[in-house]
Amino acid sequence: MHRSQPRRPALLTGPGPARGATLAMSGAALLWIPQAALLAHAVGRLAQGAGLVDMLLPALAFLVLGVLRASSEAWGARRLFAVSRSQLTAMRQAAVQALAARSPLDRARLPSGQAASIVAEQAEAVLPWLLRYGPARMRVLLAPPVIALVVCYFSWLAALILVLAAPLIPLFMAVIGWRAKAASEAQLQLVGGMSGFLLDRLRGLSTLRALGAVDATARRVRASGEAVRASTMRVLRIAFLSSTALELFSALGVALVAVYVGFHLLGEIGPGSWGSRLTLAEGLFVLLLAPAFFEPLRELAAVWHDKAAGEAALEALDKLQAAGLPLPGALQEPDEALCIGRAPSVDIEGLRFAHPGEAPLFDNQDVYVRVGEHVALVGPSGSGKTTLLSMIAGLVPVDSGTVRIGGVPLDAGSAAGLRARMAWIGQKPHVFAGSVRANVALERDGVTVDAVSHAVARAGLGRIEHATPGESLGEGGLGLSGGELVRLALARAMCAPHAGLLLVDEPTAHLDRDTAAGVIEALLQLAQGRTMIVATHDLALAARLGRVVRLGEPLIQRSAA
Ligand SMILES: Nc1ncnc2c1ncn2[C@@H]1O[C@H](COP(=O)(O)OP(=O)(O)OP(=O)(O)O)[C@@H](O)[C@H]1O
């Protein structure tokens with residue numbers, strides 16, 4: 001697919017809120033022209049025999065201009081920092097919102113470790129680009145042309161030397177910059193890949209240990225680290241090369257002007273100053289302006305790789321915002337006013353759905369679950385049980401057909417409100433690093449301490465809590481058994497009294513008979529007075545539910561409902 005150019009931050013594209021700040025920072029460089037004039041004038045006067053008293057006024061003016069220059073730069077830098085920070089925050093928010101707006105079933109989403117690395121770490125590279133590259137670029141557009149004109153007023157030959165030396169610098173910078181950008185992109189990709197790899201392996205540490213794959217994983221981590229080191233060195237080499245080339249050309253330019261002015265003052269070189277000979281003060285003035293002509297170019301070169309890194313980071317942020325499978329109603333507040341009843345019915349009509357790039361999973365499927373009914377959804381592996389539960393939860397948009405929960409059509413407008421009245425109980429609930437209670441409460445509004453205590457006791461989680469009082473559960477639930485994880489999911493659902501529809505995905509898979517029996521009891525107790533659909537291969541569980549339905553057959557004839 002053709003990738004569009006990354007969106008440039010407004011600071012670099014047009015008049016943004018920080019345009020004034022950038023101008024103040026860049027314009028400050030021009031104040032060196034009157035400062036140099038004062039300096040040259042004072043030296044000229046001294047050479048003509050003036051006393052130190054005559055120097056007081058120029059010295060004072062020089063000082064005032066210096067203070068003005070420093071304060072204008074400081075004000076601009078502070079203002080630019082504030083605006084750039086808020087702009088970066090906005091970019092991060094947009095990326096996170098785009099991630100949140102994608103369906104959890106979207107396989108094209110970046111691994112969470114990589115996404116986290118881009119948002120938290122790589123995105124920071126945008127800041128130096130805005131803070132240093134932006135003002136440096138404007139200074140290059142402003143200062144050298146003005147200085148060249150001023151020098152030209154006194155000596156066209158000195159101006160010509162400056163103007164001829166200048167293009168060599170951007171030319172070399174551009175050539176080196178292409179390589180720097182490619183190297184920076186490769187570097188960011190490597191760092192992101194390594195972060196993602198590390199996070200995924202840390203999550204699966206117990207599995208790796210069980211499979212005896214810890215050594216192999218350690219070797220891969222070492223190899224990734226080595227690749228990142230080599231790529232960092234590549235970026236640094238290019239950065240050093242670019243500044244060396246630049247220093248060389250600017251030193252040559254200044255030296256040529258100095259040679260010209262020196263020989264001109266000695267009377268060795270006549271032409272180049274519009275027919276009249278330069279005075280000492282004029283020669284000195286030209287000489288003082290020559291380094292200031294190259295200074296912005298040197299500054300730009302020093303921050304050139306900031307642009308490359310910033311653009312690469314912006315591209316990575318853009319990648320996070322690429323369109324994908326949407327999550328219906330992702331960024332909406334749940335509609336509190338939706339009225340679907342305490343234990344809603346589920347009515348699916350003419351459902352058609354295919355995962356992206358795959359054969360249709362459902363073709364004109366009808367499903368109906370009555371108010372308060374408990375249904376077991378069975379079928380061979382891959383028949384679409386989990387996918388169907390996901391569509392009832394509004395986690396993925398249907399291709400065609402309608403899903404109604406409690407009579408309310410599930411669409412982008414109603415999905416958030418309907419989801420707030422459902423609970424999902426899966427085999428692998430995500431466990432956050434935190435206490436058992438924090439993992440049950442999940443900082444949800446209205447979940448009281450009493451409700452959490454009650455849920456922990458009813459779900460049989462008290463044993464883990466007492467075994468590790470006040471201790472944090474590991475990220476991803478390391479060390480928790482399959483049965484304990486399902487109990488945690490049950491306890492979470494118990495703390496959601498408004499969830500009238502329970503969607504349960506294989507709650508007893510991989511559990512021994514006794515544990516499974518305990519989970520089934522807890523589940524049935526939780527489901528009292530609620531509608532429940534359970535995807536399962538467990539015949540013992542299916543037998544305890546009101547109705548068993550094979551996928552591919554209508555759950556109930558609509559007329560019989
Ligand atoms: N996020 C996804 N993206 C693409 N295809 C998917 C996705 N999730 C599932 N599938 C595919 O859809 C089909 C149905 O999968 P699903 O998990 O819904 O079946 P299931 O009946 O729940 O299976 P099981 O009993 O093994 O859990 C499978 O072929 C699966 O590969």
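Colleague: What follows α19, and what is its phi like?

Modeller: Gly-529 follows α19, and the phi of Gly-529 is positive, near 80°. Helices here are DSSP runs of H or I with at least four residues, strands are runs of E with at least two, and both are numbered from the N terminus. This is a predicted model, where local features need pLDDT of at least 70 and side-chain atom pairs count only at pLDDT 80 or more, while totals for chains, interfaces and linings use all residues. Residues are numbered from 1 along each chain as its sequence is written.

Colleague: What span should helix α19 have, at 1.5 Å a residue?

Modeller: Helix α19 (residues 513-527) has 15 residues and should span 21 Å, and its end C-alpha atoms are 21 Å apart, so the two agree. The expected span is 1.5 Å times one less than the number of residues.

Colleague: Which residues of α19 are buried?

Modeller: Ala-516, Val-519, Ile-520, Ala-522, Leu-523, Leu-526 and Ala-527. Buried means that 20 or more other C-beta atoms lie within 10 Å of the residue's own; 12 or fewer is exposed, in between is partly exposed, and C-beta atoms are placed from the backbone.

Colleague: And what do they pack against?

Modeller: The partners of those buried residues include β3 (374-378), α16 (449-458), β7 (501-505) and β8 (531-535).

Colleague: Take β7, then. How many of its residues are buried?

Modeller: Five of its five. Leu-501, Leu-503 and Asp-505 point one way from β7, while Leu-502 and Val-504 point the other way. In a regular strand the side chains alternate between the two faces of the sheet.

Colleague: Switching to the ligand. Which residues come nearest?

Modeller: His-355, Ser-381, Lys-385, Thr-386 and Thr-387, out of 14 residues around the ligand. A residue is near if its C-beta atom, placed from the backbone, lies within 6 Å. Helix α13 (residues 385-392) gives the most to that shell, with three residues.

Colleague: What about transmembrane regions in UniProt?

Modeller: The unreviewed UniProt entry lists residues 21-43, 49-68, 140-156, 162-180 and 238-262 as "transmembrane region". Such annotations may be inferred rather than shown by experiment. In the model, residues 140-156 are 94% helix and 0% strand, with end C-alpha atoms 21 Å apart. Residues 49-68 are 65% helix and 0% strand, with end C-alpha atoms 30 Å apart.

Colleague: Where is Glu-73 found, and why is it classed as partly exposed?

Modeller: Glu-73 is in helix α4 (residues 56-100). Glu-73 is partly exposed because 18 other C-beta atoms lie within 10 Å. Leaving aside neighbours within four places in sequence, Glu-73 is in contact with Met-25 and Ala-28, contact meaning C-beta atoms, placed from the backbone, within 7 Å.

How values were computed: Two residues are in contact if their C-beta atoms, placed from the backbone, lie within 7 Å.
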